[in-house]
Amino acid sequence: MFGNDHVEPGTGLRLQYRKEALRLAKLFSALENGALIEQSKIEQPGGSFTHVVGISGPPGVGKSVLTGQLIKYYSRLGLKVAALVIDPSSHATGGAILADRLRVPDEVNFDRVFIRSISSRGALGGIAEVVPSALNLLTNENFDIVLIETVGVGQSEIDIAGVADTTIVVQAPGAGDGIQGLKSGLLEIADILVLNKSDLSGADRALLVLREVAAASGGKSWYCPVITCIAINGVGIDELVEAIRSHYELLDKNNALAVKRLEQVERQLCMNILAALRKQRNLSDYAEAIVSGKLSLREAVNMCIANESISFDSKTEK
Amino acid sequence: MKSKIIRVLLCNPGLDGHDRGAKVVARALRDSGMEVIYLPLRTAIEKVVDVAIQEDVDVVGISNLSATIVDTCSRTQALLLQAGVDDVLVVTGGTVVADDKKELSKLGIEGVFGPGTPTSDIVRFIRRHVRQ
């Protein structure tokens with residue numbers, strides 16, 4: 001019915017998918033261990049971009065369940081779907097429990113879907129460092145849609161907007177003002193707002209608040225819709241998918257996707273330059289010089305960029 | 001190059017419905033600096049293998065409280081090998097009788113952790129035997 005044939009276990013087709021997945025998974029691991037992948041596919045406006053959809057929001061609102069439902073929906077349409085689910089690592093030990101896969105519905109045909117659990121590995125802001133390279137990889141591999149589900153605390157919601165084409169912020173009814181963990185910065189980056197668990201009490205109030213916020217952020221070419229869902233039952237998923245498609249259409253029409261890609265590449269450039277500098281320069285030397293008063297911060301920055309090393313017996317004079 | 005973090009898949013295939021043991025192990029592994037991918041109860045072996053591949057795990061930990069432990073482990077290994085995965089350490093735990101331990105040993109599975117095993121033993125075993 002859905003055109004996504006059930007594959008018998010152990011048969012040639014499933015084995016083929018597994019070998020494909022293994023190849024991709026190994027590439028992914030290489031990225032996590034420091035390799036870099038550049039985007040090789042040149043995308044033209046009107047051509048098929050890989051749509052990157054970010055899903056963020058405070059803990060406990062049902063992001064994982066929602067992501068699972070979207071995975072199921074898109075894979076049934078026959079699209080090639082990838083999902084990156086990011087969980088926080090322990091600052092003390094560096095380890096992590098990555099349990100978001102728990103929420104993926106059983107019926108999802110894993111053969112069309114690549115899901116990878118990622119630990120933030122201590123990255124500031126919660127977006128694991130590997131994400132931009134991973135997105136390049138998935139684009140090169142012709143995935144139709146990539147869902148990124150983030151941690152949902154601190155600044156990570158803001159960071160997701162830097163890598164996603166469409167950013168979904170999920171909320172759920174809470175006590176008090178009707179919204180759980182409402183943060184203005186968070187809502188500003190939302191392209192789509194979702195009120196999940198809309199069957200809980202307080203939902204009406206929460207909906208009003210979200211609608212007000214969405215209305216206040218208007219005046220651009222996109223009006224942020226507020227979608228009510230009961231993700232665990234699949235309620236509202238149709239509307240959400242339609243909103244995602246609609247947003248993508250707008251980006252494509254305005255050539256905004258190409259502009260976004262440029263911004264994202266610039267950001268990657270910045271990140272990689274910083275990483276290279278860290279590796280190639282001895283930053284602790286400059287830091288010591290600043291602390292001991294031999295150099296000002298600005299002098300240190302300029303010297304570092306110019307790759308001038310510090311000689312400790314001389315003091316720069318102006 | 002960053003140092004490689006050990007990734008472990010924990011699962012409870014089969015029909016048993018208890019996973020408190022697996023959760024304790026999951027926390028211990030995390031506290032020792034590993035990344036633990038945790039699958040729900042009663043996950044089919046075919047799915048366990050799919051996930052093990054996608055997540056490129058170093059270790060598959062099978063928690064089994066029923067009598068099918070040897071069969072489960074043997075099938076898992078076979079499916080992994082069939083897909084070209086030969087560098088995953090399979091360990092298991094739960095209630096394992098002596099006969100089963102022997103059978104598992106024949107399969108090359110030495111990491112068998114019965115009830116009451118200190119989690120530090122599990123951590124140490126994994127560090128020693130994982131292929132990096």
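Which side chains meet in a salt bridge at 3.9 Å, N to O? They belong to E32(A) and R7(B); a salt bridge here is a side-chain nitrogen of Lys or Arg within 4 Å of a carboxyl oxygen of Asp or Glu.

## About the model

This is a predicted model, where local features need pLDDT of at least 70, side-chain atom pairs count only at pLDDT 80 or more, and totals for chains, interfaces and linings use all residues. Residues are numbered from 1 along each chain as its sequence is written, chains are lettered from A in the order in which they are written, and side-chain values use heavy atoms, without hydrogens and water.

## The interface

Let's start with its extent. Chain A and chain B each bring 33 residues to the contact (heavy atoms within 4.5 Å). Together they bury about 3100 Å², with 51% of it on carbon and sulfur atoms; buried area is the accessible area (1.4 Å probe) that two parts lose on being put together, summed over both. Of the area that chain A buries against chain B, R18(A), N33(A) and I97(A) supply 21%, more than any other three residues.

## Charges and elements

Six salt bridges are counted between the two chains. On the side of chain A that touches chain B, two or more residues come from each of α1 (12-32), β3 (96-98) and β4 (113-119) (DSSP runs: helices H or I of at least four residues, strands E of at least two, numbered from the N terminus). The largest share, ten residues, is from α1(A).

## Strands across the chains

β3(A) runs parallel to β2 (residues 35-41) of chain B, and three bridges join them; pairing requires at least two DSSP bridges. L98(A) has I37(B) as its bridge partner in β2(B).
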